[in-house]
Amino acid sequence: MKVFETQCTFDYSWEEVTTANWRKYCPWNDKASHVTAVDTLSRSVDPATGILRTERIITCQQSAPRWINALLGGKEVSHVYETSYVDPVNRKVTMCSTNMTFANIISCRETVVYQPLKSAPQSKTEFSQDAKITALCGGWQKVKNGLEEFSVERFGQNARKGREGFEAVLEMSRRVFGEQKEQQRREQMLS
């Protein structure tokens, strides 16, 4: 098993980040053009805790090298199963995802957490991400290690692009919501 880990701070409030998170794969994010569909399977709120639980399937246009697709019998499309938990009381979002495509060959289990930065809880959000990647295919350990190393490297490249794209979504969300709030304020003043 190989592990990828990263952390960063977004210069946006937790409320802004959690709201924009639902728009992560929208046209504002030019780094996520490989995502072709996001289907919500279920959404519920636990009445005791207030935690919103959402299950989604994310469909992507696969960018794996052709030799991997040929070797493993893969297709151009891949699917990821995601479960997210939004805890408004503790101000924490936890997202857990796992690959559905090639799941019998390689397992990728990702966890992402967004929570207010302790030193600036009203204006900044801490982001942490880890992925545990395990080759499940039989055979030589060297082949398994190579597949895991390739996957961790690719995951890191995609994570970097994902952060850049999400920053664009956050920036656009702040601008659009700011314009909407200003419009509402003007309308209230006129009435």
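Reader: Let's start with helix 1. What do the buried residues of helix 1 pack against?

Author: They pack against strand 1, strand 4 (77–87), strand 5 (92–99), strand 6 (106–116), strand 7 and helix 3 (141–190). Keep in mind as we go that this is a predicted model.

Reader: Which are the buried residues of helix 1?

Author: Helix 1 covers residues 14–21, and its buried residues are Trp14, Val17, Thr18, Ala20 and Asn21. Looking down the axis of helix 1, you would find these buried residues within an arc of 165°, so they line one face of the helix.

Reader: And how does helix 1 lie, say at what angle to strand 6?

Author: Helix 1 runs at about 145° to strand 6. The strands it lies across are strand 1, strand 4, strand 5, strand 6 and strand 7.

Reader: What about helix 3, which strands does that one lie across?

Author: Helix 3 lies across strand 1, strand 6 and strand 7. With strand 1, helix 3 makes an angle of about 15°.

Reader: You keep mentioning strands. How many strands form the sheet, and in what order?

Author: Seven strands make an open sheet, and the order is 1-7-6-5-4-3-2. Their pairing is antiparallel.

Reader: Which strands stand at the edges?

Author: Those are strand 1 and strand 2 (35–45). Each has a single partner strand, so one side of each is left without a neighbour in the sheet. On average, and ignoring direction, neighbouring strands of this sheet are turned by 15° against each other.

Reader: Can we go through some of the pairings? How many bridges join strand 2 to strand 3?

Author: Nine bridges join them, and the two run antiparallel. Strand 3 spans residues 52–61. If you want a spot to look at, Ala37 stands opposite Thr59 in strand 3.

Reader: Nice. What is the bridge partner of Thr59 in strand 4?

Author: That would be His79. Strand 3 and strand 4 run antiparallel and are joined by ten bridges.

Reader: And over how many bridges do strand 4 and strand 5 pair?

Author: Eight bridges, again in the antiparallel sense. Here you can look for Ser84, which stands opposite Met95 in strand 5.

Reader: Switching to turns now. What do strand 2 and strand 3 form, and how many residues sit between them?

Author: They form a hairpin with six residues between them. In that turn, Gly50 has a positive phi of about 80°.

Reader: Which residue has a positive phi in the turn between strand 4 and strand 5?

Author: It is Arg91, with a phi of about 50°. This hairpin has four residues between its strands. Arg91 has that positive phi although it is not a glycine. As a rule, most residues other than glycine have a negative phi.

Reader: Is Arg91 buried or exposed?

Author: Buried: Arg91 has a relative accessible area of 18%, and the cut-off for buried is under 20%.

Reader: Where is Phe102, and what is its phi?

Author: Phe102 is in the loop between strand 5 and strand 6. Its phi is positive, about 60°, although Phe102 is not a glycine. At 16% relative accessibility, Phe102 counts as buried.

Reader: Let's talk rings. How many aromatic pairs are there?

Author: The count comes to six aromatic pairs. Take Phe10 and Phe127: the ring centres are 5.7 Å apart and the planes are at 65°, so this pair is edge-to-face. Phe10 lies in strand 1 (residues 2–10) and Phe127 in strand 7 (residues 125–135), so the pair ties together parts that are 117 residues apart in sequence.

Reader: Are those two buried or exposed?

Author: Phe10 is buried, at 1% relative accessible area, and Phe127 counts as buried at 5%.

Reader: Which residues do ring pairs link into a cluster?

Author: Phe10, Tyr114, Phe127 and Phe166.

Reader: Last one: which charged residues sit over rings?

Author: Among them is Lys24, which lies over the face of Phe166, at 5.9 Å from the ring centre. Another is Arg43, whose charged end sits over the ring of Trp22, 5.0 Å from its centre.

Note on methods: Residues numbered from 1 in each chain as written. Predicted model: local features only at pLDDT ≥ 70, side-chain atom pairs only at ≥ 80, totals over all residues. Heavy atoms only, no water. Phe/Tyr/Trp six-rings, centres within 6.5 Å; stacked < 30°, edge-to-face > 60°. Buried < 20%, exposed > 50% of the residue type's maximum accessible area, 1.4 Å probe, protein only. Lys NZ or Arg CZ within 6 Å of the ring centre and 35° of its normal. Arc of directions from axis to C-beta. Contact = heavy atoms within 4.5 Å. Pairing = 2+ DSSP bridges. Axes fitted to C-alpha atoms, helices over the stretch in contact; angles between N-to-C directions.
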